[in-house]
Amino acid sequence: MPIEDWIHPLLKHYTAAPQWAKTLVGNAYSAVPVGVRYGRKAPEFLAEIKITDPVVLRERANAKMLAVLDAATQHVPAYRGLKDVVTRSGLEPMAMLKQFPLLTKQDLKANLDAYVSKGLPESMRMATFTGGSTSVPMKLYWHRHVTRPKSFAYNGEFDRIAGIGSADVTMALRGRSVPGAGEPGKALWMFDPIKRYLHL
């Protein structure tokens, strides 16, 4: 079981801590093996990303899209009326997707419960919020023990392709408020040694 999900509620305290404390705790935590931090699914997602055969990738993309749309029409109240699109239309998965309505953040915020899957118990949901970079912060749910390792694997591969090494620092202009940044004389930045982000 990944410890990332268990310690997530402590993130706000880590972020608000002085830089010396973040450095101490962050350096220690970043030394914890990936399998312990992100759980047994992390290697599965890392292996999945290594697939480069275009035929296999297309097949996997179609299979995954079909699975997502099928799950949505079975378990998400707002999409139950679209079940025939998935079961009877005979369309390719990407064409099926076009039959699903586009949504705005306002649509989701107004009726979030209608868009939350009932196929998972509430204990497997982890509430989180977007950073509000568009000035409209939004609540959403992560799938406990799945979203974090998948995000870690895919973002890590993106970094690798972009030429970002494990010792490199990435500048982040979103997602975190820098404690004290609005006060005269206080730092406009903070460094997260776990992900090696320089937050501005």
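In the predicted model, strands β4 and β5 pair in the antiparallel sense, and three bridges connect them. Within this part of the structure, D192 stands opposite Y197, a residue of β5. Both strands belong to an open sheet of three strands, arranged in the order β3-β5-β4, in which the pairing is mixed. Because β3 (170-172) and β4 (190-192) each have a single partner strand, they stand at the edges of the sheet, and one side of each is left without a neighbour there. Neighbouring strands of this sheet are turned against each other by 30° on average, with direction ignored.

The segment after β5 (197-199) holds L200, a residue that is partly exposed, its relative accessible area being 42%. L200 also contributes to a nonpolar surface patch of about 450 Å², which it makes together with M171, L173 and W189.

With regard to the protein chain as a whole, the model contains 10 helices and five strands, and the C-alpha trace spans about 60 × 40 × 30 Å along its principal axes. Of the 200 residues in the chain, 26% count as buried, while the chain exposes about 13,000 Å², of which 62% is supplied by carbon and sulfur atoms.

Methods:
Residues are numbered from 1 along each chain as its sequence is written. This is a predicted model: local features need pLDDT of at least 70, side-chain atom pairs count only at pLDDT 80 or more; totals for chains, interfaces and linings use all residues. Side-chain values use heavy atoms; hydrogens and water are left out. Patches are made of residues with over 30% relative accessible area and no salt bridge: like charges are joined within 9 Å, nonpolar side chains (Val, Leu, Ile, Met, Phe, Trp, Tyr) within 5 Å. Accessible areas come from the Shrake-Rupley method with a 1.4 Å probe; for residues, only the protein chains shown count as cover. A salt bridge is a side-chain nitrogen of Lys or Arg within 4 Å of a carboxyl oxygen of Asp or Glu. Helices (H or I, at least four residues) and strands (E, at least two) are DSSP runs, numbered from the N terminus. Buried means under 20% relative accessible area, exposed over 50%, partly exposed in between (1.4 Å probe, protein chains only). Two strands pair if DSSP finds at least two bridges between them. Axes are lines fitted to C-alpha atoms, for helices over the stretch in contact, and angles run from 0 to 180 degrees between N-to-C directions.
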